[in-house]
Amino acid sequence: MSAFLLSGLLSQGQSIKTHSEKGVDLTVYETFTVMKGEFMTTPESKKVSEQALFLSITAAVRREMEDRGYKFVEDSSAQLWIGYVAGSYNMTNAGVNGPLGQTPASNAADMNQSRSWSHTSQDGMLVLDISDSANKKALWKAEAQGLSLDNGDFKRVIDAAIFKAYRKFPSRIKKKKK
């Protein structure tokens, strides 16, 4: 299975939004680094270590940035600082179907009983922020919702989300005209 097909399959439940500051030319920057971000989740649901998450995000961001002509540096001398916030949270949906709740009454006492329901699931998110290291000004942001960061395949989920987020990120590599 190709990496692109796998990325597409893993990212179907994801929603990703990107935002670029108006009037900013990201191609004038040459170097970047990835700063260790925050991982927010409840202790009982933390199945991924913060270090493993950092290494996975760093590898995916580095691949996407270098493919676009930016150079990775490991210290604070980078022109662009890339930070992140990742986490998972419990989400509960609830509702009331009203009297009878679309279920036939089995006796007269059930006639005016309302039927309610609830469903709890775990959802994940990843926010990437790129800022100018000189003036700390935010330049670009990507927000991914609907990630599953608590399973054993979280690296592929991160790769797919970051791949999708970087689709419209500007490249420093000049394309040859035919």
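A cavity is a set of points, on a 1 Å grid over the protein atoms alone, where a 1.4 Å probe fits but cannot get out. Grid points are joined across faces, edges and corners, and a volume is the space filled by probe spheres set on the points. This is a predicted model, in which local features need pLDDT of at least 70, side-chain atom pairs count only at pLDDT 80 or more, and totals for chains, interfaces and linings use all residues. Residues are numbered from 1 along each chain as its sequence is written, and side-chain values use heavy atoms, with hydrogens and water left out.

**View 1. The chain as a whole.**
Three helices and seven strands make up the secondary structure. Helices (H or I, at least four residues) and strands (E, at least two) are DSSP runs, numbered from the N terminus. Along the sequence the pattern reads α-β-β-β-α-β-β-β-β-α. The chain has 178 residues, and 35% of them are buried. Buried means under 20% relative accessible area, exposed means over 50%, and partly exposed lies in between (1.4 Å probe, protein chains only).

The structure holds one cavity of 30 Å³ or more. The volume of the largest cavity is about 40 Å³. Its lining consists of Ile16, Leu126, Leu128, Ala142, Glu143, Ala144, Ala161, Ile162 and Ala165. Strand E6 (114-132), strand E7 (138-147) and helix H3 (154-165) are the elements that give two or more residues to this lining. A lining residue has an atom within 4 Å of a point. By class, the lining has eight nonpolar, no polar and one charged residues. Here Ala, Val, Leu, Ile, Met, Phe, Trp, Tyr, Cys and Pro count as nonpolar, Asp, Glu, Lys and Arg as charged, and the others, Gly among them, as polar.

**View 2. Helix H3.**
The 12 residues of H3 should span 16 Å at 1.5 Å a residue, and the end C-alpha atoms are 16 Å apart, which agrees. The expected span is 1.5 Å times one less than the number of residues in the helix. Buried in H3 are Phe154, Val157, Ile158, Ala160, Ala161, Ile162 and Ala165. Among them, Ala161, Ile162 and Ala165 also line the largest cavity.

**View 3. The aromatic cluster.**
Tyr70, Trp140, Tyr166 and Phe169 form one aromatic cluster. The structure holds five aromatic pairs. The rings of Tyr166 and Phe169 have centres 5.0 Å apart and planes at 55°, so this pair is tilted. Rings of Phe, Tyr and Trp (its six-membered ring) pair if their centres lie within 6.5 Å; planes under 30 degrees apart count as stacked, over 60 as edge-to-face and the rest as tilted. Tyr166 is buried at 0% relative accessibility, and Phe169 is buried at 5%. Arg172 lies over the face of Tyr70, 5.9 Å from the ring centre. A charge sits over a ring if NZ of Lys or CZ of Arg is within 6 Å of the ring centre and within 35 degrees of the ring normal.

**View 4. Trp140 in strand E7.**
Trp140 belongs to strand E7. Its relative accessible area is 4%, so Trp140 is buried. Trp140 and Ile130 are 10 residues apart in sequence, and their C-alpha atoms are 5.1 Å apart in space.

Ser56 has a relative accessible area of 7%. Met65 has 0% relative accessibility. Met65 and Phe32 are 33 residues apart in sequence and 8.2 Å apart from C-alpha to C-alpha. Just after H2, Gly69 takes a positive phi of about 95°.

**View 5. Thr31 in strand E2.**
Thr31 is in strand E2 (residues 31-34). At 16% relative accessibility, Thr31 counts as buried. Thr31 and Glu66 are 35 residues apart along the chain, with 9.5 Å between their C-alpha atoms.

**View 6. Lys136 in a loop.**
Lys136 is in the loop between E6 and E7. Its relative accessible area is 53%, so Lys136 is exposed. Phi of Lys136 is near 60°, a positive value in a residue other than glycine. Most residues other than glycine have a negative phi.

Definitions and conventions:
1 Å grid on protein atoms, 1.4 Å probe; cavity = no way out; pocket = protein on both sides within 12 Å on 5 of 7 lines; lining within 4 Å.
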